[in-house]
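Here is a friendly note to read alongside the model. Have the sequence and the 3D view open, and take the points in order.

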Amino acid sequence: MNSPFYKTGAFPEIKEENKGKFTAWAKEHGFSDACSAASAVIGTKGEKYSKEVRAMATYANNFGCSKK
């Protein structure tokens, strides 16, 4: 495929030092898993969560959590 939007990998790469960071954050804050934490973070408005946490939640929601 010759499109500029085509990527060879299925997911954008995560740096090795960041792997598991959101899951660890989620468990520290009482969530059972990363997907439930991602839903909770994305569902809130305002400044309750930092920009970094919101970015990790968005990534987890878009690429890690299956839609059933």
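1. Contacts along the chain. Take contacts, meaning heavy atoms within 4.5 Å, between residues at least 6 apart in sequence: 36% of them join residues at least 24 apart. This is a predicted model, in which local features need pLDDT of at least 70 and side-chain atom pairs count only at pLDDT 80 or more, while totals for chains, interfaces and linings use all residues. Residues are numbered from 1 along each chain as its sequence is written, and side-chain values use heavy atoms, with hydrogens and water left out.

2. Overall layout. The chain has three helices and zero strands, and its pattern along the sequence reads α-α-α. Helices (H or I, at least four residues) and strands (E, at least two) are DSSP runs, numbered from the N terminus. Of the 68 residues in the chain, 21% are buried. Here buried means under 20% relative accessible area, exposed means over 50%, and partly exposed lies in between, with a 1.4 Å probe and protein chains only.

3. Helix H1. Which residues of H1 are buried? They are Phe22, Trp25 and Ala26. These three cover an arc of only 100° around the axis, so they sit on the same side of H1; the arc is that of the directions from the helix axis to the C-beta atoms. Lys27 and Glu28 are exposed on the other side of H1. The buried residues of H1 pack against H2 and H3. Thr23 also belongs to H1, and it counts as partly exposed because its relative accessibility is 35%. After H1 comes Gly30, with a positive phi near 85°.

4. Helix H3. The 14 residues of H3 should span 20 Å at 1.5 Å a residue, and the end C-alpha atoms are 19 Å apart, which agrees. The expected span is 1.5 Å times one less than the number of residues in the helix. Val53, Met56, Ala57 and Ala60 are the buried residues in H3. They too are placed on the same side of their helix, because their arc around the axis of H3 is only 100°. Their packing partners are H1 and helix H2 (34-43).

5. The core. A nonpolar core is a set of buried Ala, Val, Leu, Ile, Met, Phe, Trp, Tyr and Cys residues joined through side-chain atoms within 4.5 Å. The largest one has twelve residues, including Phe22, Trp25, Ala37, Ala38, Val41, Tyr49, Val53 and Met56. The elements giving two or more residues to this core are H1, H2 and H3. In soluble globular proteins, nonpolar side chains tend to be buried together.

6. Aromatic pairs. Rings of Phe, Tyr and Trp (its six-membered ring) pair if their centres lie within 6.5 Å; planes under 30 degrees apart count as stacked, over 60 as edge-to-face and the rest as tilted. By this rule there are four aromatic pairs. Trp25 and Phe31 are stacked, because their ring centres are 6.2 Å apart and their planes lie at 20°. Trp25 and Tyr49 are edge-to-face, at 5.7 Å centre to centre with 75° between the planes. Trp25 lies in helix H1 and Tyr49 in the loop between H2 and H3, so this pair ties together parts 24 residues apart in sequence. Trp25 is buried, with a relative accessible area of 14%, and Tyr49 counts as buried at 14% relative accessibility. Ring pairs join Phe22, Trp25, Phe31 and Tyr49 into a cluster.

7. Salt bridges. How many salt bridges does a search of the whole structure find? There are two, where a salt bridge is a side-chain nitrogen of Lys or Arg within 4 Å of a carboxyl oxygen of Asp or Glu. One joins Lys19 and Glu16 (3.6 Å, N to O); Glu16 counts as exposed because its relative accessibility is 61%. Lys21 also forms a salt bridge with Glu52, with the closest N and O atoms 3.2 Å apart. That pair links distant parts of the chain, 31 residues apart: Lys21 is in helix H1 (residues 21-28) and Glu52 in helix H3 (residues 51-64). Lys21 counts as partly exposed at 34% relative accessibility, and Glu52 counts as partly exposed at 47%.
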